[in-house]
Amino acid sequence: MGHVLRIGGPRPVRPGALDGVLRAATGEDATLGGEVRGRALIFWDPADPARKRDAIDTDQITPTTDCVSESLETLDERWKAGAFRHLMPGFRARVHRGESFVIAGDRFAIGSSREMSPAGLKGIADECGRVMVIVVGNGLGDIFRRSALNLGLHVVQSPEAVADARDGDELAFDPATRRVTNLTRGKSYEPLPLSAREETNRRTGGIVTLGRRELAASLREPRIAWPDAATARGLSTTEQIVWAHRVDPTEEVRPGATVRVWADLLPASDGTAPFAIHTFDQITGGERLHPRQAAISADHFVFTGAEADDKQTAIGRAFAARHGITKPHYATPGDGIFHFYFPEQGLVAPGAIVAGADSHSRAYGAYGALGFGVGSTTIGFGWATGYVYLTVPRQRRVAFTGRLPAWVGGKDVVLTLLRTWGVQQAQGMSVEFVDADGQLPVAYRNTIANMMAEAEAFSGIFAADDVTYAWYARMGLTGLPYPRLAPGADASWAIDETLDLATLAPMVAKPFSPGNAVPADELARERLTFDKAMIGSCTNGSYDDLLQAALVLAAAGGRARTPLIVFPGSGDVKRSIERAEPRLDGRSIADVLRAAGAEIRESWCGPCFGQGPDKLRPGERAITSFNRNWQNRMGVGGEGYLASPAVVASSVLAGYIAPPEALGLRWDPEKFGV
């Protein structure tokens, strides 16, 4: 039997060990500098040359192969070299020539938590003695925005400034007011304001200075105090968790307020850990303090055979060894993708706060925890202090009604939401899902909460219910530390909506957006072939996900018509699928997969973000159960389609993208349900 681990205080610190670090911290305003000037560098929309380009995601800002640090001393070299490598190959040289005001459209820097993006952009300007200012329209990737504030990279949201800008325009930026002036056009623009706490933190020197200033006061035992019934009645589940975890119990929990919250777990991957380690060392002096709530998983840059990737992974491994971080808080290659591995190991509990240096940390909402993505510097700050800063998002509720129809699972639910929400998506809100009938197993909930990253939500959460607690019991995890929560009857919702599950159908997302989803039976009429099929990832790599695929393969029979590659979500899942499964007449899931021609890989992220030998090559097309199909995401020049494990399985047998009905399979919930 396992036991869910609880939040804890700091380990003892040697007397006087932090004196030098703490003396370096002051509460005085940092030098913001004088007026910044430069020329416009504009990203135009290739489909409409009169418009600025929208939805530039962080994969396009910093391609996967450039998210590598071979040492802490050369941390940002690859980040600078790879900035906009495919979208604008001459970007670095243009900034050096004085085009230091980067202009883009709406929804800039959505997606990944990779802080390599803002750090690399800032580094390009720094190396030539310039100051970069990024000016964007409506919508800005929240993790990127927070990371930019941490680093001192100036980012301004002003749709009017974006609309007016033209190539060659001379612009000016006032660091004190954040006002942008287009000197060529003779117009000034006010920025979308920061919260009061964000503005204070910006003015006082960034996250390292902030961490040094707050370090001494943070060295105490966290106190988690839940709201009484009257207070909880007016709060969503997310807001109750934030309320309970406040460092300062006098801080108000309301949308737009920035508060400090104690974290139960602060995980990073081998990709995001190096910058977190660098930040932690800068704040604490390195050896003086044990990192708090720290967890690292080697799941991104492993199994590639690349020397640079091995050096990157070695940074996290050495840090873990230096500070005595062992399993389950340090996951070695093959242990699993951390969004599966850490919950399995009892490091995530209902009611917990898990801030992870990976955008898919929203997945922890499937377990009733408040999971959200942050940048590496926030993780390093949290490892030092035990808490993170959080700006309370607006709340959105989605209540599920009706009964799930044939072949519809969590992937179909979330693809339908992304399609329905359109370009607005979740608008940075915390999305609370209500599954009153308990139809959605944790595997489905994981897929939905996980892909709130693609929905551009702050988080997605299912308040823990009987389904949740049954999962913990089945996993043998006892001693859950926090009370059972539910949204208050008087909670305020910025958007309150329902989704009738009975109206859904199996869905497939076409390139290059998860929201570009269509019913699978419609796409089947196109007889769209592909080069390979892949099942797994942190979105659909659970035992139940792989069981669903195996049930389709076993019922239909036959062999895959293209390569079929499987990535279990964790090492435990990989071992479990080798055991006899009663619903497969005693065969194991792995036996069924291999009999259909599948190859089962180690548990890691791999081609889901364009890594390893299975990534897509130029011109290749794949049907996958992954979470993102943005341009170049699964490999430069490849095309990725997204679907449920059941649809991927039926497609690989049909030889074209199609739902299970195309194989003549008739839905039987006793036979195919999970």
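Gly 234 sits in the loop that links α10 (229-232) to α11 (237-244). Keep in mind that this is a predicted model. Gly 234 is partly exposed, because its relative accessible area of 33% falls between the 20% and 50% cut-offs. Leaving out residues up to four places away in sequence, Gly 234 touches Glu 239, Asp 490, Ala 491 and Ser 492. Its C-alpha atom is 30 Å from that of Ala 443, which is 209 residues away along the chain.

**Another loop glycine**

- Gly 558 belongs to the loop between α20 (543-556) and β26 (564-567).
- Is Gly 558 buried or exposed? Its relative accessible area is 54%, and over 50% counts as exposed, so that is the label Gly 558 gets.
- Ala 596 is 38 residues from Gly 558 along the chain, and the two C-alpha atoms are separated by 6.4 Å.
- Gly 558 is in contact with Ala 596 and also with Leu 653, once neighbours within four places in sequence are set aside.

**Helix α5**

- Helix α5 runs over residues 116-127, so to speak 12 residues in a row, and spans 16 Å from first C-alpha to last, close to the 16 Å expected at 1.5 Å a residue.
- How many residues of α5 are buried? The count is 9 of its 12, making the helix mostly covered.
- Among the buried ones are Met 116, Pro 118, Leu 121 and Ile 124.
- What do the buried residues of α5 pack against? Their partners are the helices α2 (58-61), α3 (77-82), α4 (91-96), α6 (142-151) and α12, plus the strand β6 (133-136).
- After α5 comes Gly 129, with a positive phi near 75°.

**Helices α12 and α13**

- Helix α12 (residues 273-284) packs with helix α13 (residues 307-323) at an angle of about 45°, and their axes are 9 Å apart.
- On the α12 side, the contact uses Pro 274, Ile 277, Phe 280 and Asp 281. On the α13 side, you'll find Gln 312, Ile 315, Gly 316, Phe 319, Arg 322 and His 323.
- Sorted by type, the residues of this contact come out as 5 nonpolar, 3 polar and 2 charged.

**Strands β11 and β17**

- Strand β17 (residues 387-391) is mostly covered, with 4 of its 5 residues buried.
- β17 pairs with strand β11 (residues 258-262) in the antiparallel sense, over 5 bridges.

- Most residues other than glycine have a negative phi, and most peptide bonds are trans. The residues below are worth a look with that in mind.
- Arg 107 is not a glycine, yet its phi is positive at about 55°. You'll find Arg 107 in the loop between β5 (101-103) and α5.
- Why does Arg 107 count as buried? Its relative accessibility is 19%, and buried means under 20%.
- Phe 303 also has a positive phi, near 60°, in a residue other than glycine. Phe 303 lies in the loop between β13 (294-297) and α13, and it is partly exposed at 37% relative accessible area.
- The peptide bond from Lys 327 to Pro 328 is cis, with omega near 5°. Pro 328 is in the loop between α13 and β14 (330-331).
- Pro 511 and Phe 512 are joined by a cis peptide bond too, with omega about -5°. Phe 512 is in the loop between β23 (507-509) and β24 (517-519).

How values were computed
Residues numbered from 1 in each chain as written. Predicted model: local features only at pLDDT ≥ 70, side-chain atom pairs only at ≥ 80, totals over all residues. Heavy atoms only, no water. Axes fitted to C-alpha atoms, helices over the stretch in contact; angles between N-to-C directions. Helix = DSSP H or I, 4+ residues; strand = E, 2+ residues; numbered from the N terminus. Contact = heavy atoms within 4.5 Å. Nonpolar A, V, L, I, M, F, W, Y, C, P; charged D, E, K, R; others polar. Buried < 20%, exposed > 50% of the residue type's maximum accessible area, 1.4 Å probe, protein only. Pairing = 2+ DSSP bridges.
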